Amino acid sequence: MSGQNQKHYQKIGSIYDDLWYYSNEYIRFMTTSIIKYLRLKPTDTLVDLGCGTGIYSKSILKQMQLDNPIICVDCSEEMLKQVPLSSEYKIMAVDAINFVSQAQAYNKVLIKEVIHHIDNKELLFSSLFQRLPIGGIFLLILLPPTIDYPLFSQAIKRYEISQPHYNNLANLLEKVGFNVSINFVEYLHSIPKSQYFKMVENRYMSLLSFFDDKQLAEGLAEMEQKYAQQSILEFPDRFVFITASKL
Ligand SMILES: C[S@@+](CC[C@H](N)C(=O)[O-])C[C@H]1O[C@@H](n2cnc3c(N)ncnc32)[C@H](O)[C@@H]1O
């Protein structure tokens with residue numbers, strides 16, 4: 001991860017859940033899909049790689065019981081501070097590449113909205129393929145090449161040039177040996193405009209940390225104008241779920 005992104009997560013770690021939560025219903029919905037695509041069973045050992053504050057690990061345990069602790073890995077200690085210190089989680093403050101080079105037993109891996117931060121994706125994928133047992137599943141979740149978030153135009157542009165394309169990732173996963181399937185999962189957000197503007201003001205997405213205070217203020221003014229008539233913002237959030245299985 002770049003130094004700028006590292007600083008970004010260190011800075012917003014303590015308020016991340018307030019910024020990203022959107023709603024309980026949304027987290028529940030995403031979690032149900034994660035459990036389904038990972039084909040999660042109580043006996044599985046799950047790694048949440050780039051877990052952040054553990055929003056989804058915590059939510060998974062609200063929906064089902066796991067016999068083994070979830071291995072929560074993130075390179076930002078500030079983000080990890082939000083993961084409860086409990087026997088249900090094994091917390092590891094290491095880089096993803098470093099983690100997959102270590103000998104550890106697990107059969108399910110979740111990487112959600114992290115892959116754009118990883119430079120050597122092929123090394124990550126091939127190491128995961130080697131680590132997973134036959135029958136193991138790696139679920140890679142990312143945003144598609146274009147998004148309909150009510151952001152300002154420069155932010156959308158910046159997103160579109162930097163977001164990896166899911167087809168390239170799927171090809172890479174096949175190349176290292178995985179059997180791959182791609183699905184799209186969509187959720188319609190409906191949130192107060194003031195809440196979304198606060199999220200943007202606080203640079204809830206790491207891409208917003210590329211804009212200085214003046215540029216962000218200009219962006220927010222553009223949004224203010226565009227959504228002047230609305231008090232609630234409705235927009236679809238589409239996710240690409242790449243299920244990579246080791247057969
Ligand atoms: C957008 S957040 C996603 C967090 C979580 N997966 C979620 O969906 O709520 C990205 C996370 O990836 C972590 N991250 C970025 N690069 C990483 C790396 N190379 N190794 C481990 N974690 C990394 C960041 O620290 C941050 O917590």
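These exercises walk through a predicted model, each with a worked solution.

**Exercise 1. In what order do the seven strands of the open sheet lie, and which are the edge strands?**

Step 1. Read across the sheet. The order is β3-β2-β1-β4-β5-β7-β6. The pairing is mixed.

Step 2. Look for strands that pair on one side only. These are β3 and β6 (179–192), the edge strands.

Step 3. From one strand to the next, it averages 20 degrees.

**Exercise 2. Trace how β1 is joined to β2 and to β4.**

Step 1. Start with β1 (residues 46–49) and β2. They run parallel and are joined by three bridges. Across from D48 stands C72 of β2.

Step 2. Follow the chain between these strands. From β1 it passes through helix α4 (residues 55–63) to reach β2, a right-handed β-α-β crossover.

Step 3. Turn to β4 (residues 108–112). Three bridges link it to β1, and the two strands run parallel. V47 has V109 in β4 as its bridge partner.

**Exercise 3. Which residues of β2 and β3 are covered, and how do the two strands pair?**

Step 1. Take β2 (residues 70–73). I70 and C72 lie on one side, I71 and V73 on the other. All four are buried, and both faces are covered.

Step 2. Take β3 (residues 89–92). Its covered face holds Y89 and I91. K90 and M92 sit on the uncovered face.

Step 3. Pair the strands. β2 and β3 are parallel and share four bridges. In β3, Y89 is the partner of I70, and K90 is the partner of I71.

**Exercise 4. Where are E113 and R203, and what are their phi values?**

Step 1. Most residues other than glycine have a negative phi.

Step 2. Check E113. Its phi is positive, near 50 degrees. E113 lies in the loop between β4 and α7 (121–131).

Step 3. Check R203. Its phi is also positive, near 55 degrees. R203 lies in the loop between α10 and α11 (213–226).

Step 4. E113 has 17 other C-beta atoms within 10 Å, so it is partly exposed. R203 has 18 such neighbours inside 10 Å, so it too is partly exposed.

**Exercise 5. Is T146 buried or exposed, and where is it found?**

Step 1. Locate T146. It is in the loop between β5 (137–142) and α8 (153–162).

Step 2. Count neighbours. There are 10 C-beta neighbours inside 10 Å of T146. The cut-off for exposed is 12 or fewer, so T146 counts as exposed.

Step 3. Compare chain and space. T146 and Q163 are 17 residues apart along the chain, and their C-alpha atoms are separated by 8.6 Å.

Technical notes. Residues are numbered from 1 along each chain as its sequence is written. This is a predicted model: local features need pLDDT of at least 70, side-chain atom pairs count only at pLDDT 80 or more; totals for chains, interfaces and linings use all residues. A residue is buried if 20 or more other C-beta atoms lie within 10 Å of its own, exposed if 12 or fewer, and partly exposed in between; C-beta atoms are placed from the backbone. Two strands pair if DSSP finds at least two bridges between them. A crossover is right-handed if, with the strands pointing away from the viewer, the path from the first strand over the helix to the second runs clockwise. Axes are lines fitted to C-alpha atoms, for helices over the stretch in contact, and angles run from 0 to 180 degrees between N-to-C directions.
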